[in-house]
Amino acid sequence: MKDSQVRIRIPIHHSKEHRRASPEGDSHGSIAVVQAGRPVPQQIVPPGASAPDRVTFTARRTAAAVTPAQRPIPASPPVSGAATTRGSLPPALLPHLRPSAGRVPRWGSRRPWLPAAAMAGLLALALAVPTLLAWPSHTAQPLPPSNRTATSAVAKGETPVTRLPGVPPIPAVPAAPARSVPAAAEPDVRVYVTSTGRTETLPLEQYIVGVVAAEMPPSFEGEALKAQAIAARTFIARRLLADDTSGAPAGADVTDTVKHQAYISKAKLNREWGHSGKSAELAKIRQAVRDTKDTIMVYEGKPITASFFSTSNGYTENSEDVWAKAVPYLRSVSSPWDKQLAPRYTETITLSRQNVLDRLGLSRTAIAASTGGGSIPEIRVLSKTKGHRIKQIEVGGTIFTGPEIRNKLGLRSAEFTWKAEGDQIAITTYGYGHGVGMSQWGANGMAKEGHTATQILLHYYTGVSFAQASRILS
């Protein structure tokens with residue numbers, strides 16, 4: 001077994017005077033000691049000492065290093081050139097070169113805080129790096145081109161536009177109530193199901209799922225389905241708040257027909273949608289309802305009459321042109337998307353002269369007199385609404401409103417043209433529905449352009465805001 005060599009690194013503390021004179025500043029010297037008969041490296045001795053002094057000094061240093069009383073010192077890598085590059089030191093430094101017996105020199109004894117500070121810095125860095133790596137990074141999403149002007153207008157404090165190119169974006173759902181305020185219980189809705197003749201009671205949000213499934217194609221865009229869910233929830237919330245059960249059998253709040261809102265029961269949805277390849281479409285509708293949960297539209301703090309219809313003729317109607325009552329949030333707005341998307345935007349039906357007379361309640365004698373004995377009654381448009389539908393029309397000398405003609409003849413819209421062909425009258429309609437409130441095909445067109453559900457609703461319902469149904473109904 002080979003003899004081991006131990007090297008000791010002993011810090012040398014210099015006085016201020018020496019530090020100013022030393023060319024290497026405040027760096028420390030060290031002494032290499034050889035054990036077990038090995039050659040002793042060059043030792044540092046005082047300058048000017050005689051040869052015997054040098055030998056005595058070297059022997060004394062060697063003996064001190066190997067004295068049995070001294071504690072073992074762990075081996076450490078030698079510091080290259082530490083003892084040979086210093087040159088001779090003055091006698092005043094000798095006490096600094098003589099370590100106490102049994103005492104291990106400490107690294108950095110003049111700055112005992114340095115190791116602790118270094119470890120603390122490394123620990124702080126180790127803790128910070130994972131946090132920085134996990135910090136979320138979000139990329140701002142650009143608004144649709146049609147919204148940029150509207151957004152700038154809002155930033156300047158201008159009134160939001162309700163016509164094209166859109167309305168300013170706002171949160172889709174109102175801010176959640178504070179945690180300290182308990183949420184009100186979800187109300188129940190009693191629906192009379194005409195196919196079974198029974199009334200089923202279910203929570204409000206489940207009812208909205210059935211309404212959206214019945215009222216809007218599930219293939220529509222998600223934002224359009226959300227807008228439909230909010231409109232449907234607003235409609236029933238208004239009736240529940242007013243305790244309005246008109247048009248429904250005793251013990252029911254609404255029916256499942258278009259007299260109120262079309263509705264598909266939960267059992268039918270599970271049976272005919274969940275197990276017939278339409279489960280994905282049902283999940284899409286349920287997601288739209290969840291995303292808008294408890295959200296309704298209000299005007300002056302009250303739920304609005306959230307009327308909607310299938311397809312516009314390019315415009316919606318003022319409420320007074322259809323129902324004889326002006327409602328401030330049911331104003332005529334443009335809706336150009338329907339013509340581009342709706343598959344049955346125009347439709348032509350042919351009715352016989354006799355059929356037209358019977359439906360309008362006109363006598364044959366009056367018609368013959370007004371037409372000079374001809375077989376086709378004279379039809380003349382007297383005025384149109386702001387929504388470009390027929391407001392008043394004269395047929396065989398009798399004046400009707402556009403909605404009256406639509407209902408009596410079973411037309412899809414109150415905007416129509418006609419053409420007489422022998423004893424037949426071909427009538428072409430534009431759009432589908434009464435025209436008041438939100439156009440469903442228009443909502444889908446807006447969603448396709450990137451508009452949100454709230455932008456859609458703010459376009460079709462002028463000046464409304466959003467609230468929570470549970471709070472209002474409680």
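Select Glu221 first: beyond its neighbours within four places in sequence, Glu221 is in contact (heavy atoms within 4.5 Å) with Asn444, Ala447 and Lys448. The model is predicted, so to speak of local features requires pLDDT of at least 70 and side-chain atom pairs count only at pLDDT 80 or more, while totals for chains, interfaces and linings use all residues. Residues are numbered from 1 along each chain as its sequence is written, and side-chain values use heavy atoms, with hydrogens and water left out.

Glu221 lies in the loop between α5 (204-215) and α6 (222-242); helices (H or I, at least four residues) and strands (E, at least two) are DSSP runs, numbered from the N terminus. Glu221 counts as partly exposed because its relative accessibility is 30%, between the limits of under 20% for buried and over 50% for exposed (1.4 Å probe, protein chains only).

Next, display the side chains of Glu221 and Lys448, which are joined by a polar contact of 3.3 Å. Such a contact is a pair of N or O atoms within 3.5 Å; within protein, one must be able to donate a hydrogen and the other to accept it, and residues adjacent in sequence count only if both atoms are side-chain atoms.

Finally, select Val356, Ile379, Phe416 and Trp418, which are among the residues lining the largest cavity. Elements that give two or more residues to this lining include α11 (353-360) and β12 (424-430).

Conventions: On a 1 Å grid over the protein atoms alone, a cavity is a set of points where a 1.4 Å probe fits but cannot get out, and a pocket is an open set with protein on both sides within 12 Å along at least five of seven lines; lining residues have an atom within 4 Å of a point.
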